[in-house]
Amino acid sequence: MCGIVGYVGSGAPGGRPQGVVMSGLARLEYRGYDSAGIAVVTEDTERVAMSKKAGKLVNLEKELAERPLAPGTAAIGHTRWATHGAPTDANAHPHLAAGGRIAIIHNGIIENFAALRAELLDEGVEFLSETDTEVAGHLLAREVDRGLSLADAMRAITRRLEGAFTLLAVDAREPRSVVGARRNSPLVIGLGEGENFLGSDVVAFIEHTRDALELHQDEVVEITPDGVTITDIRGLVVEREPYHVDWDASAAQKGGFATFMEKEIHDQPTAVADTLRGRIDEHGRLQLDGGMIHETILNSIDKIIVVACGTAAYAGLVGRYAIEHWCRIPVEVELAHEFRYRDPVVSVRTLVVAISQSGETMDTIMAVRHAQQQGAPVIAIVNSQGSTIAREADAVLYTRAGPEIAVASTKAFLAQITAVYLLGIYLAELRGNKFPDEIESLLDQLDAIPAKIQRVLDTSEPIRELARTMANERTVLFLGRHVGCPVALEGALKLKELAYIHAEGFAAGELKHGPIALVEEGQPVFIVLPSPRGRESLHSKVISNVQEVRARGARTFVIAEEGDKEAENYAEQVFYVPSAPVLMTPLLSVVPLQLFALELAAAKGYDVDQPRNLAKSVTVE
Ligand code: F6R
């Protein structure tokens with residue numbers, strides 16, 4: 001949600017600030033937005049130059065081509081996902097204040113904006129938009145008019161704002177400076193030579209630098225061409241070590257694929273392999289990426305609660321089967337937004353595992369904070385380095401999926417399952433639930449998965465072909481049992497969000513308790529069939545479920561293990577995936593369903609990377 005970019009350089013006024021910011025905005029398009037804008041600090045010390053437009057970035061580019069902005073030394077740019085006020089030109093960011101001297105952009109929601117707006121209206125301030133952001137701009141102008149520098153003014157106003165925000169501002173009278181602040185919303189700093197950058201995430205500036213600095217809660221940053229100054233809200237300078245981003249700009253490009261989503265589905269063997277790489281030391285101990293939770297605490301936990309949303313929550317559901325089986329610890333999986341409102345039973349003996357690709361999902365951040373307030377240790381399984389959840393958790397295990405640009409999550413899902421499994425294996429070892437040779441065998445099973453995913457990808461044409469014939473379907477059902485159940489849920493979610501087709505995933509056993517009423521002649525139903533080599537009863541139970549829907553006229557499409565010829569008796573078409581131990585199968589069986597959704601959405605002519613109404617990182621509750 002909302003992309004933010006800031007740039008300042010030491011060169012003579014020129015086109016670089018605009019160029020850097022516009023390319024940063026293009027890279028942040030994946031976050032989801034409905035208008036875009038840019039402000040450039042030029043040689044005019046009374047007014048910054050600004051341009052903004054409703055709709056996609058191309059509208060802004062057109063506007064800039066028709067009405068170019070003057071050369072500049074610094075710039076800020078924004079892609080807006082509307083919250084307060086419709087996605088119009090007027091509500092697009094930046095917003096100007098102090099007669100055009102100051103420009104401000106914002107991600108988040110200022111919760112006390114109504115009271116602040118009333119206060120400013122009383123003072124005679126005129127508003128040009130319906131946004132909460134404009135309030136922050138006028139507050140900033142008031143402080144600057146009192147003689148404060150832009151950075152001091154930013155600190156002063158953040159003390160008055162409530163809610164979630166990342167703010168960036170420029171002042172025409174400080175042409176070599178961009179100031180930012182953050183609370184409950186992301187902002188990272190990129191370190192260049194003779195130039196510096198700000199962005200909602202490192203993707204915004206990765207083509208210019210891989211050296212970055214985190215900005216923590218309630219901190220203010222000022223970037224100039226030669227330096228970065230971080231202060232806390234009181235103005236005390238904070239020293240911070242930079243970190244090096246472990247992927248480069250090419251990882252955030254399509255790499256020859258038509259869409260980011262297709263590329264990311266094909267990245268999955270690498271995402272799983274990288275997440276596994278070098279994780280377990282010679283004593284069988286899991287190598288975390290940051291922080292730690294003492295082994296005595298982990299030994300004393302009596303419950304695990306996974307908090308996450310959407311696809312990440314489905315990764316947690318898959319993980320539950322493995323952790324309970326390997327560690328004999330009860331695992332609950334809770335949608336993060338429901339968690340804290342139901343007064344959950346959490347104690348120092350509850351291990352909370354927060355799963356998030358972005359590490360910035362507000363619902364999950366709030367669940368983490370709630371758990372920590374109850375004294376629970378929190379481990380984060382996160383993809384984005386330095387993100388809020390990674391920082392605030394007591395320990396972090398990064399999924400090394402690389403940047404996930406397509407809005408719909410694919411490779412992060414597989415990497416999340418892999419990371420939860422690593423955590424489960426580690427706990428099993430630590431708590432003495434498994435012997436070393438069993439641990440080794442589980443790790444070997446995981447090591448074999450990337451090559452098997454590659455085989456699924458290499459043999460995916462039949463499911464893609466099927467997808468192209470189904471563009472007119474109105475409803476598709478997905479069934480699964482045991483670990484196949486979250487796979488069915490994920491298959492349905494992918495289809496909904498990409499192809500805008502009504503889709504439901506069900507536990508196969510639940511069907512006869514109600515949902516089977518939906519089945520009529522010709523209804524497509526996908527079934528994730530367990531291996532016949534596993535618990536025999538599971539395979540035959542799901543076969544019975546296939547027969548139940550088939551008897552009522554459904555068209556049945558089955559994801560089955562290679563060699564399961566029996567499946568062909570009950571299916572219009574079977575899509576085979578390589579054989580694997582039961583708990584490893586979700587890492588394979590979900591891949592054909594991802595490809596099905598991708599191909600069907602593409603057949604309908606939809607934008608698979610940026611589906612309507614969705615944002616990549618949901619930074620509001
Ligand atoms: C679905 C999807 C979402 C995210 C959810 C959590 O394809 O991408 O359901 O999984 O919004 O996001 P993160 O993992 O960033 O916390």
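**Rings, charges and a ligand: asking why**

Me: Which side chains have an N or O atom at 2.7 Å or 2.9 Å from an oxygen atom of the ligand?
Reply: Ser358 has one at 2.7 Å, and Lys494 has one at 2.9 Å.

Me: What should I know about the model itself?
Reply: It's a predicted model, where local features need pLDDT of at least 70 and side-chain atom pairs count only at pLDDT 80 or more, while totals for chains, interfaces and linings use all residues. Residues are numbered from 1 along each chain as its sequence is written, and side-chain values use heavy atoms, leaving out hydrogens and water.

Me: Why is the pair of Tyr7 and Phe197 called tilted?
Reply: Rings of Phe, Tyr and Trp (its six-membered ring) pair if their centres lie within 6.5 Å; planes under 30 degrees apart are stacked, over 60 edge-to-face, and the rest tilted. The centres of Tyr7 and Phe197 are 5.5 Å apart and the planes are at 55°, so this pair is tilted.

Me: And why is the pair of Trp326 and Tyr421 called edge-to-face?
Reply: Here the centres are 5.4 Å apart and the planes are at 75°, so edge-to-face it is. Trp326 is in helix H9 (residues 310–327) and Tyr421 in helix H13 (residues 411–430), 95 residues apart. Helices here are DSSP runs (H or I, at least four residues; strands are E, at least two), numbered from the N terminus.

Me: How do you know that Trp326 is buried?
Reply: Buried means under 20% relative accessible area (exposed is over 50%, partly exposed in between; 1.4 Å probe, protein chains only). Trp326 has 3% relative accessibility, so it counts as buried. Tyr421, at 0%, counts as buried too.

Me: What makes Arg612 a charge over the ring of Tyr500?
Reply: NZ of Lys or CZ of Arg must be within 6 Å of the ring centre and within 35 degrees of the ring normal. The charged end of Arg612 sits over the ring of Tyr500, 3.8 Å from its centre. Likewise, Lys56 lies over the face of Tyr33, at 4.4 Å from the ring centre.

How values were computed
Polar contact = N/O pair within 3.5 Å; in protein donor to acceptor, adjacent residues only side chain to side chain.
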